[in-house]
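The structure is shown first.

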Amino acid sequence: MTARLDALRSSVERLAALVRPLGADVRRHAYPTEWTIADVLSHLGSGAVIMTRNVDDAVAGQSAPDGFNQSVWDEWNAKSPEDQASDSLSVDAVCVERLEALTPEQRGSIQVALGPMQLGFDQIVGMRLNEHLLHEWDIAVALDPSATLAADGTEQVVDNLELIGRFAAKPAGSPRTVTVATTAPSRTFTVTVDAAAASLSAGAEGTPDITLPAEAFIRLVYGRLDPDHTPSDVQGDRSALDGLRAVFPGI
């Protein structure tokens, strides 16, 4: 639990250091072509407000009023890009501080509803870290095309991909199985594609079809491994890699 939370804290601090000097440059495009840097920050900021409220409600044994999430999104959509940026950094810090402040007893018992799922503390932190690390990169790479996912976050997120794979993987191309090995850290995965569905699971047998850095595989699962942002040390079947780009179009 602590490692994920520490990685989230580091991502929050790195993002703040990236954004504070930008000024009007928050209006520049981020990695998602339809979003500016301010849009990414607004998404993270509204998410931080909602998560903080969800944690507070879970601790208090209550639920947020109907329409709460939409009211938060409406509020953030109405802000100027500069306010979206500065306000996001403030609520982002508050969110991680709230998670850090939970007692061991609260961490052991808290359950936060996300649709039909009930998430415990480690799952809550893991989901926020996944999102935060990728959106940190969305901004970092707009400022430095050589940017990669931070190592401390990569070590945690690479072991938290199967749930994301349920939503991210789409059937594309012919039925097949592709095995993937990652470095830094070393892991293996299997991607299975059939006519109706695609899935991602941890573990693989035999010689991998593709070997690549873990941070690059995470970006692949999140639809962020286009050819211009693919590291040179990818090994194996490049056609299989192109096929996986279609399986993971982005979320």
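Strand E6 is joined to strand E7 (residues 235-236) by two bridges, and these strands run antiparallel. Across this pairing, Ile210 stands opposite Gly236 in E7. Strand E6 (residues 210-213) also pairs with strand E3 (residues 176-183), in the parallel sense and over four bridges. Here Thr182 stands opposite Leu212 in E6. Two strands count as paired if DSSP finds at least two bridges between them; strands (E, at least two residues) and helices (H or I, at least four) are DSSP runs, numbered from the N terminus.

The model is predicted: local features need pLDDT of at least 70, side-chain atom pairs count only at pLDDT 80 or more, and totals for chains, interfaces and linings use all residues. Residues are numbered from 1 along each chain as its sequence is written, and side-chain values use heavy atoms, with hydrogens and water left out.

Helix H6 (residues 121-143) is mostly covered, with 18 of its 23 residues buried (under 20% relative accessible area, 1.4 Å probe, protein chains only).

Two charged side chains sit over rings (NZ of Lys or CZ of Arg within 6 Å of the ring centre and within 35 degrees of the ring normal).

| Charged residue | Ring | Distance to ring centre |
|---|---|---|
| Arg53 | Phe68 | 4.9 Å |
| Lys79 | Trp76 | 4.7 Å |

Conventions. Buried means under 20% relative accessible area, exposed over 50%, partly exposed in between (1.4 Å probe, protein chains only).
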